[in-house]
Amino acid sequence: MSKNDKDDKSGRDSHYATLRRAVRDAKRERGEIPTPDPRKNRRKDAAWAPPQLQPDQVFLYGLHTVRAALANPQRKLIRLSVTQNALARLDMGDAASLPCPVDLVQPQDLDKVLGPDAIHQGVMLETQPLPVRRLEALKDSPLLLVLDQVTDPHNVGAIMRSAVAFGAGALVTTQRHSPVESGVLAKSASGALELIPHIQVSNLADALNELHALGFQTVGLDSEGPQPLEETLAGDKIALVLGSEGKGLRHKTRETVTALARLDMPGEIKSLNVSNAAAVALYATRMHLARSRS
């Protein structure tokens, strides 16, 4: 084989690898295939330590996450660090047309900031957190999702994505024992962080009572709930309340909600991850609300 033949073959292989990667990334952004768990099968760099971020500083990464943040007028953008290839895949014009300064970098430059576990896809956006929202910022929506100290940012991000998919008007969380805005949460939400009000409350029981005053039925999901969710839902304004990954709903929350309900599952497994349970409950509630309007 001649040198030219080898060069041609190498070029073709590189071209096809780029195409396969672009197709795979597009499927991940649409939710058709899962994003690999960064905690598995990744090279560990014992020397890497996360940078010390200021309270008003967040690093977002991943194509879909960054694209959504750039398009959000409520975002205060600081700087975009991006590879030449990722800039083209963002499909938002050239660097001069973007709404913040742009640095062209190599993938290893982003690894140094984000660490070896971050699937950054060649793009990182330095930004300020979104404005803090309170319950008075609630949208006029018949469907809300409330989290009682769900702590895993991967779960909260996935829940946020489901909440947007099913048209929930807001995600309500506690100020304490809930993840702050971060690259991990935003990546797990895959753009949803920019699309739904994230309302933080200091006292969840007080917030639930405020929702009652606004006409919401609050339904706590509990594996020992007296009735299936479908038989519990009532009215045309509903807030679903889900508890933490291990302990579930706290005692005070269980006492405060309008009703407790369970997700009936006919299979051998009787419990779901909180993000999966949220998606099932949102679907069932959306169907109830559609019937109540008809």
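What follows is a short exchange on one helix pair and the terms applied to it.

Modeller: This is a predicted model, in which local features need pLDDT of at least 70, side-chain atom pairs count only at pLDDT 80 or more, and totals for chains, interfaces and linings use all residues. Residues are numbered from 1 along each chain as its sequence is written, and side-chain values use heavy atoms, with hydrogens and water left out.

Biologist: Why are H5 and H10 called roughly parallel to each other?

Modeller: Helix H5 (residues 153-165) and H10 pack at an angle of about 15°, with their axes 8 Å apart. Angles run from 0 to 180 degrees between N-to-C directions, the axes being lines fitted to C-alpha atoms over the stretch in contact. Angles under 35 degrees count as roughly parallel, and H5 and H10 are therefore roughly parallel to each other.

Biologist: Which residues make the contact between H5 and H10?

Modeller: With contact meaning heavy atoms within 4.5 Å, H5 contributes Asn155, Ala158, Ile159, Ser162 and Ala163, while H10 contributes Val274, Ser275, Ala278, Ala279 and Leu282.

Biologist: How many residues of that contact are nonpolar, polar or charged?

Modeller: Ala, Val, Leu, Ile, Met, Phe, Trp, Tyr, Cys and Pro count as nonpolar, Asp, Glu, Lys and Arg as charged, and the others, Gly among them, as polar; the contact of H5 with H10 accordingly has 7 nonpolar, 3 polar and no charged residues.

Conventions
Helix = DSSP H or I, 4+ residues; strand = E, 2+ residues; numbered from the N terminus. Parallel < 35°, antiparallel > 145°, perpendicular 65-115°, else oblique.
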